[in-house]
Amino acid sequence: MIEKKINSLSIWFFENLLRYERIGHFVSTRNGGHSKAPYDSLNLSFNVGDDPKKVLKNRKLLAGTLGIPLTNLTTAKQIHDGHVRIVSDALRGKGSTNYKGAINATDAMVTNAPNICLMILLADCVPILFCDPSKRVIGVAHAGWKGTLRFVAHNTVKVLREHFGCSPQDIVVGIGPSIGPCCYQVGQEVLSQVEHVLGTGQDHIRHKSANGKGYFDLRTANLKQLLRAGIPEKNIEMTETCTSHHPNLFFSHRHEKGKTGRFGAGIFRTPQPAQGH
Ligand SMILES: [Zn+2]
């Protein structure tokens, strides 16, 4: 990934997605916004206890910086599940100005509608951005440990393939900043479920101790799902940046002990070359 300063914000971009001028995307950082501690400062979530007026100002600032209308931002009530929602133009702007209006109960969204910016919100979970540049279809997925075990990444590829006729060979993917295997220690109850669903002795579990604790490599687990779904490795860009290791750059639920904001990852189609190009 590369970081670019645009106006007052610092935005991260996937180099593989920047190759497509008519596809815009972003991963926001926590800096340059209006929220006060512990949400300082570019918190984009209406659902973490922050002042909604500040969140709205932050979202306006981000949308303005990206050169898109605020009402194109389309968000979901994320529930750590494996369901994928196809977003039609009728759902454009859902949740853009409040939490209540967000699309119900989904952790992944896909669309081919032109004026929709699909955005997921994060603080340690894995953001995954998808696009098929030839078919101009885009998608996002939010994968924590539960979503990973419910195959949200794999399911997103399945919907792109079955609903939009995308070929996995054409799908380009970015896997963004999230809690790394360096910091994501999980207990026995989580690890046993990981092993049950994904198998034992895999490289997504590290340093398993005698008491059953270990470190879960969420990004690698999702990378493997995408490869199994048929996406070529050369089409996938995965950052190693750990949110918990960089609490000054990104919100981290684990590092901030649960009381923190959310950064965003989004993707959209655009008639002009998008910001960052
Ligand atoms: Zn770390």
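Predicted model: local features only at pLDDT ≥ 70, side-chain atom pairs only at ≥ 80, totals over all residues.
Trainee: How do you know that the span of helix 3 agrees with its number of residues?

Mentor: Set the two values side by side. Helix 3 covers residues 152-164, which is 13 residues, and at 1.5 Å a residue these should span 18 Å.

Trainee: Which residues of helix 3 are buried, and what do they pack against?

Mentor: The buried residues are Val-152, Ala-153, His-154, Asn-155, Thr-156, Val-157, Val-159 and Leu-160. To count as buried, a residue needs 20 or more other C-beta atoms within 10 Å of its own. The partners of these buried residues include strand 5 (84-86), strand 6, strand 8 and strand 9. Helix 2 (145-149) and helix 5 (218-228) are also packed against them.

Trainee: Why is strand 9 called largely enclosed by the rest of the structure?

Mentor: Count its residues against the cut-off. Strand 9 runs over residues 137-143, and seven of the seven are buried, so it is largely enclosed. Both faces are covered: Val-137, Gly-139, Ala-141 and Ala-143 are buried on one side, and Ile-138, Val-140 and His-142 on the other.

Trainee: What makes strand 6 and strand 9 a pair, and in which sense do they run?

Mentor: A pair needs at least two bridges. Strand 6 (residues 108-111) and strand 9 have four bridges and are antiparallel. As an example, Val-110 has Gly-139 of strand 9 as its bridge partner. Strand 8 (residues 126-132) also pairs with strand 9, with seven bridges in the antiparallel sense. There, Asp-132 stands opposite Val-137.

Trainee: How many residues lie between strand 8 and strand 9 in their hairpin?

Mentor: Four residues lie between them, and Arg-136 in the turn has a positive phi of about 55 degrees.

Trainee: What makes strand 7 mostly covered?

Mentor: Six of the six residues of strand 7 (residues 117-122) are buried. Cys-117, Met-119 and Leu-121 point one way, while Leu-118, Ile-120 and Leu-122 point the other way.

Trainee: How many bridges does strand 7 share with strand 4, and how many with strand 15?

Mentor: Strand 4 (residues 73-74) is joined to strand 7 by two bridges, and this pair is parallel. In that pair, Leu-73 stands opposite Cys-117. Six bridges link strand 7 with strand 15, this time in the antiparallel sense. One of them has Leu-121 with Gly-264 of strand 15 as its bridge partner.

Trainee: Why is one side of strand 11 and of strand 12 left without a neighbour in the sheet?

Mentor: The open sheet has three strands in the order 11-13-12, with antiparallel pairing. Strand 11 (185-186) and strand 12 (205-206) are at the edges with a single partner strand each, so one side of each has no neighbour in the sheet. Strand 12 pairs with strand 13 (residues 214-216) over two bridges, and Ile-205 stands opposite Phe-216.

Trainee: How is the chain divided into domains?

Mentor: Domain 1 takes 2-179 + 231-269, and domain 2 takes 181-216. Their centres are 26 Å apart over C-alpha atoms. Seven residues from domain 1 and nine residues from domain 2 make the contact. On the domain 1 side, four of these residues are nonpolar, two polar and one charged.

Trainee: Why is His-277 called partly exposed?

Mentor: His-277 has 15 other C-beta atoms within 10 Å. Buried would need 20 or more and exposed 12 or fewer, so 15 falls in between and His-277 is partly exposed. Beyond its neighbours within four places in sequence, His-277 is in contact with Leu-18 and Glu-21. The C-alpha atoms of His-277 and Lys-4 are separated by 10.0 Å, although these residues are 273 residues apart along the chain.

Trainee: What do we know of the make-up of the chain, and why is it called as compact as a globular protein of its length?

Mentor: The chain has five helices and 15 strands. Its radius of gyration is 17 Å, close to the 19 Å that the globule rule gives for 277 residues, so the chain is as compact as a globular protein of that length. Of these 277 residues, 50% count as buried.

Technical notes:
Residues numbered from 1 in each chain as written. Domains from an automatic or database assignment. Contact = placed C-beta atoms within 7 Å. Nonpolar A, V, L, I, M, F, W, Y, C, P; charged D, E, K, R; others polar. Expected span 1.5 Å × (residues − 1). Rg over C-alpha atoms; globule rule 2.2 N^0.38 Å.
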